[in-house]
Structure formats: structure tokens, C-alpha cells
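Please read this note with the sequence and the model side by side. The points below go from the overall layout to single residues.

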Amino acid sequence: MANYSATARTNYFRIKERAAFDAWVDTVCYQELSIIEKDGDPLRVGLNATSGDCSGFSINYEDEDGEEQNLLEGLAQHLAEGEVAILVESGAEKCRYVTGYAMAVMADPAGGYKTLEVSINDIYGLVEARWAVK
């Protein structure tokens, strides 16, 4: 049986407060999130994601207390006003199942957060919709 292996990271985005962001990242216990600073600015950061044998972002996970958590919801709480974090992942199980997606998250001024998502598998629907070929 082959293992899924991926590369995953975010764009650079502005956060509200570095100490609070660092503390939150430390609570995301299902994987190792590495913080990357842009040009030495502690408030402009990105994330790399790894989780043991495979890399990638797990959007829903259980914290150390067994409580269900959502990575996007937690991340949105730390974004500076008007900032968007884009999580990108691409990977494969051997060379059989090649996948890739990107998710964007932004804090919603009305409360909560909003997301957009695109997958490389969306190409099949686009071919069918635009060219009428399955």
C-alpha cells in the first residue's frame, strides 16, 4: 500500500498579533505547522504543513481535549482586517492519485469566516460544461 505524500503551504498574510498567533499554531496538535516570516516582518507570515509520513493540511481535527476544531476558523481569527490566507496542497499516492486544491479563508466582518475552494479535479466539470465532453 502506498502512502499519500504532499507539499502544503500558504501564501503570506498579515496577522493581528504575533504572540497570539504563535500560541494558536502550537495548539494545532494534529500536524506540525511551521511559521515562515516574510522579509523579517513578524506580522507578515505564512505556514508550511507536515504530519508525519505525509504532508498536508487537515481542516477538521480534534484538539488535545478531544474537541472538534476547524483550521480555517482558527486561522481566520488571527488574520488582520482585509487579509486572505490561501492554503495550497498538491500530492499523490505513488503516481496513481494526483490531487491538488487551494482554499482561501478570510474573516467575515459580520462574524465568523468565509471560504473559497478550488480543486484540480474541477477540470472535469469544466470540460463537460464548456465542451460537452465527459
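1. Helices (H or I, at least four residues) and strands (E, at least two) are taken here as DSSP runs, numbered from the N terminus. Read along the sequence, the pattern is β-β-α-β-β-β-β-α-β-β-β-α, which gives the protein three helices and nine strands.

2. This is a predicted model, in which local features need pLDDT of at least 70 and side-chain atom pairs count only at pLDDT 80 or more, while totals for chains, interfaces and linings use all residues. Residues are numbered from 1 along each chain as its sequence is written, and side-chain values use heavy atoms, with hydrogens and water left out.

3. On confidence: pLDDT is the predictor's confidence in each residue, from 0 to 100. The protein averages 89, and 93% of the residues score at least 70. Strand β2 (residues 13–14) has the highest mean, at 98, and strand β5 (residues 60–62) the lowest, at 80.

4. On extent and surface: along the principal axes, the C-alpha atoms fill a box of roughly 50 × 35 × 35 Å. The accessible surface, from the Shrake-Rupley method with a 1.4 Å probe (for residues, only the protein chains shown count as cover), comes to about 8400 Å², and carbon and sulfur atoms hold 51% of that surface.

5. On burial and contacts: a residue is buried under 20% relative accessible area, exposed over 50%, and partly exposed in between (1.4 Å probe, protein chains only). Of the 134 residues in the protein, 35% are buried. Contact means heavy atoms within 4.5 Å. Among contacts with a separation of 6 or more, 57% are between residues 24 or more positions apart.

6. On the interior: a nonpolar core is a set of buried Ala, Val, Leu, Ile, Met, Phe, Trp, Tyr and Cys residues joined through side-chain atoms within 4.5 Å. The largest such core has 24 residues, and F13, F21, F57 and L71 have the most contacts inside it. At least two residues of this core come from each of α1 (18–27), β4 (41–50), α2 (71–76), β7 (84–93) and β8. The most, four residues, are given by α2.

7. On charge: Lys and Arg count as positive and Asp and Glu as negative, with His and the chain ends not counted. Each charge is placed at NZ of Lys, CZ of Arg, CG of Asp or CD of Glu. The protein has 11 positive and 23 negative charges, and their mean positions are 11 Å apart.

8. T99 lies in strand β8 (residues 97–107). Apart from neighbours within four places in sequence, T99 is in contact with Y4, E89, S90, G91 and I120. From T99 to E117 is 18 residues in sequence and 14 Å in space, C-alpha to C-alpha.

9. Y61 belongs to strand β5. Y61 counts as buried because its relative accessible area is 7%. Y61 and M106 are 45 residues apart in sequence, with 20 Å between their C-alpha atoms.

10. Two backbone angles deserve a look. D39, in the loop between β3 (32–38) and β4, has a positive phi of about 55° although it is not a glycine. A132, in the segment after α3 (122–131), is also not a glycine, and its phi is positive, near 55°. D39 is exposed, at 69% relative accessibility, and A132 is exposed, with a relative accessible area of 67%.
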